Amino acid sequence: MGRNVGDFPLEKLREYKPELTGRPPDFQAFWAGEKVKMKSLRANVKAVRREYPVPSVEVSDLQFESWDGTPLNGIFVKPAGVEKCPVIVCFHGYTGSCGLAADYLKWTALGAAVYSFDVRGQGSSPDYSRYRNGSRNTGWMLNGILDHENYYYTNAYRDLILQLLWTRSQEALVTPSSFGVMGSSQGGGLALAAAGLGDGVDYMVSDWPFMTHFERALDIALQGPYMEVVNYFKWNDPQGATADKVKETLSYIDGLHFSDSITCPALMAVGLEDNVTPPSTVFAAFNHLGSVEKEIEVYPQFTHEMNGFHEEKKLAFVAKQLNKAGRDLT
């Protein structure tokens, strides 16, 4: 039962808490400044209600015009007839999309509403940002990799901040009685960033997060988006002339560097055979969480994949958080 493929044994993983020596000295100040910028903007959001065959829910298609004018497609699903309820923002995986209404019915069954938006350039949404560098590798990881202020994920995090602000504003489609963030893989990394950057996040679910502990991930990951950076050096910079700059850029969006500022209840998960987001990178973030109430579910035989067993765990965790929020309101 204790399989660990290409990473530390589980006993060491549970204790693995690397020093945050790679976090930039101005990390907190940089993101505090970006939050101020986003708070000065007003998001332009169009919502179009659609017919849906499940009468207990209402579904709307969204177009979210972000800070640089990029129109990001999204979806909103809520229990029919409610104006105030728990809200969950769901983030999708790499190369994915905001998803289908059917993906979120388990959350509406708990009485929650769900927002989900395409990450810029993914799903069916464009990316209006312009990046200075090119690359011989496919994917988004290298867009702007030599400039942390105009890096692809820096821009995606700005989108995230603005989306969180809008979903809690008077212009949102429902008034939140509680507020959670969740996602898997890329979505798990975005959930970590959202919990670290967003004000008033009540709980977080982050499954096998990507964009976390780059220092180790780039050394041991064997598949997936981290390999875009590995192959960048192979094909664009074989002697590592830009290594320090790349490391600096990634340090500003590393989920590990947000973890100690996260204090809300948190559920994480890891597969011990995952060579896309290696277990040590996930445990590093988990062990640095500032949350008093936190748990990590470990699945020895699972790789980087959908896990129905964990979906049951997530339902139980979210139900517990919603019940607790309901008691706090009475």
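**Salt bridges and cysteines**

Author: The structure, a predicted model, holds 20 salt bridges.

Reader: Which side chain does D260 meet in a salt bridge?

Author: Side chains of opposite charge can pair when their charged atoms come close. Here the N to O distance is 3.0 Å, and the cut-off is 4 Å. The partner of D260 is R23.

Reader: How many residues apart in sequence are the parts that D260 and R23 tie together?

Author: D260 sits in the loop between α9 (256-259) and β8 (266-271). R23 sits in the loop between α1 (10-15) and α2 (27-39). The pair therefore ties together parts whose separation in sequence is 237 residues.

Reader: Is R23 buried, partly exposed or exposed?

Author: Buried means under 20% relative accessible area, and exposed means over 50%. The relative accessibility of R23 is 23%. R23 therefore counts as partly exposed.

Reader: Which strands hold K78 and E58?

Author: K78 and E58 form a salt bridge, with their closest N and O atoms 3.1 Å apart. K78 belongs to residues 71-79 and E58 to residues 57-65, so the pair ties together parts 20 residues apart in sequence. The strands are β3 for K78 and β2 for E58.

Reader: How many disulfides does the count come to?

Author: A disulfide is a covalent bond between the sulfur atoms of two cysteines. The cut-off for the sulfur pair is 2.5 Å. The count of disulfides comes to zero.

Reader: Which cysteine has the sulfur nearest to that of C85?

Author: C85 is in no disulfide. At 3% relative accessibility, C85 counts as buried. The nearest cysteine sulfur is 13 Å away and belongs to C90.

Reader: How far is the sulfur of C264 from the closest cysteine sulfur?

Author: C264 is buried, with a relative accessible area of 8%. The closest cysteine sulfur is in C90, too far for a bond. The distance is 14 Å.

Conventions:
Residues are numbered from 1 along each chain as its sequence is written. This is a predicted model: local features need pLDDT of at least 70, side-chain atom pairs count only at pLDDT 80 or more; totals for chains, interfaces and linings use all residues. Side-chain values use heavy atoms; hydrogens and water are left out. Helices (H or I, at least four residues) and strands (E, at least two) are DSSP runs, numbered from the N terminus. Buried means under 20% relative accessible area, exposed over 50%, partly exposed in between (1.4 Å probe, protein chains only).
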